[in-house]
Amino acid sequence: MAERQNEAADADAVLLSRFARGDQAAARALTERLLPGVLRQAWRMLGEREEAEDVAQEAMLKLWRQADDWRAGEARVSTWLYRVTHNLCIDRLRRRRPAADIEAVAELSDPAPSVLARLAGGEETQALARAIGDLPDRQRRALTLRHFEGWGNPEIADRLDCSVEAVESLLARARRTLAARMAAQEKGQGDD
Amino acid sequence: MTDRPDHEVDALLAALAEAERSARPLPDPALTARVLSDAAAVGSARAAPPRRRWTGWPARIGLLVPLPAAAMTAAAVLLLLGVGLGYQIEPDPVGLADGLILAGADDPALADFPL
């Protein structure tokens, strides 16, 4: 899986450099490859499609403008775009709740628990969605990228600026925390 | 209270991820068109030659030197030509050399100086 992701990252970088040389077909290919993920990420963070579309367009515009100065090998295009999208969403969330500090906003952001809770059908998945929402930020981000985006640990490590071992540890702790919180929720319901 | 076994948590995560995948928005053609239109605008801004300041008509007729530099060069050449021509017509138009000689003739300190 890691090899396939490396190939994809190389292909993105090649396409971006072709776009920088004036190849509009490369822009189309990059849009097809990257826009769905950007939109998905923005939607998960913001919970509203229209706003997510605006963010996705803005993030892609930043990518086009960055093409000339892109230094291949320093970062993956997808990683860079993930950070840009994340920051744009944080800006929007901050505007929604101007009194909130950035940490509080980040806690609510990736993914917005309300989005997952809305999707969860049964009681158990509802409980899971709530438990995911309560996870510490880095655990939640690692878990989201692994289980909802299907990323490999090396790429998650790249995105979260940590080692692969740290990602494994984050995921293990996230699973343990989820298991404990779901059990606590069930017990709470049983007591009621 | 016992925690959920790992495989149960994983199964629930998979179910939730599946629900999330099926609800994910996909870019509609209008959004794709907006993104591609941005890319085209950025691409054409990059392809356009950089605007020079003060080039105006010299640039249009193929002069690559910006107007102020060309004008200043021309003015400097004309000035040098003018001075040169003037000197050729009357090498010492104000009699500067004569004045110096006359002033020196009355100066005792310069009496023995061979003028």
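Which pattern does chain A follow when read along the sequence? Chain A runs α-α-α-α-α-α-α-α-α-α. The model is a predicted one.

**Chains**

In chain A the secondary structure amounts to 10 helices and zero strands. Chain B has five helices and zero strands, and its elements, from the N terminus on, run α-α-α-α-α.

| Chain | Residues in chain | Buried share |
|---|---|---|
| chain A | 192 residues | 39% |
| chain B | 115 residues | 11% |

Within chain A, 56% of the contacts between residues at least 6 apart in sequence join residues at least 24 apart.

**Contact between the chains**

Chain A gives 38 residues to the contact and chain B gives 30 residues. On the side of chain A that touches chain B, at least two residues each come from α2 (24-46), α3 (49-66), α6 (113-119), α7 (123-134), α8 (137-148) and α10 (164-191) of chain A. By residue class, this side of chain A holds 22 nonpolar, seven polar and nine charged residues.

**Nonpolar cores**

The largest nonpolar core has 32 residues, and those that touch the most other members are Val38(A), Ala42(A), Val55(A), Ala56(A), Ala59(A) and Met60(A). At least two residues of this core are supplied by each of α1 (2-20), α2, α3 and α4 (77-96) of chain A and by α2 (29-47) of chain B. The largest share is that of α2(A), with 11 residues.

Which residues does Ala56(A) touch, not counting those up to four places away in sequence? In chain A they are Leu35(A), Val38(A), Leu39(A) and Ala42(A), and from chain B there is Leu31(B).

**A loop residue in chain A**

Asp161(A) lies in the loop between α9 (153-160) and α10 of chain A. Its phi is near 55°, a positive value in a residue other than glycine. Is Asp161(A) buried or exposed? Asp161(A) counts as exposed because it has 9 C-beta neighbours inside 10 Å, and the cut-off for exposed is 12 or fewer.

Technical notes
Residues numbered from 1 in each chain as written. Chains lettered and ligands numbered in written order. Predicted model: local features only at pLDDT ≥ 70, side-chain atom pairs only at ≥ 80, totals over all residues. Contact = placed C-beta atoms within 7 Å. Helix = DSSP H or I, 4+ residues; strand = E, 2+ residues; numbered from the N terminus. Nonpolar A, V, L, I, M, F, W, Y, C, P; charged D, E, K, R; others polar. Buried ≥ 20, exposed ≤ 12 C-beta atoms within 10 Å, placed from the backbone. Core = buried A, V, L, I, M, F, W, Y, C linked by C-beta atoms within 7 Å.
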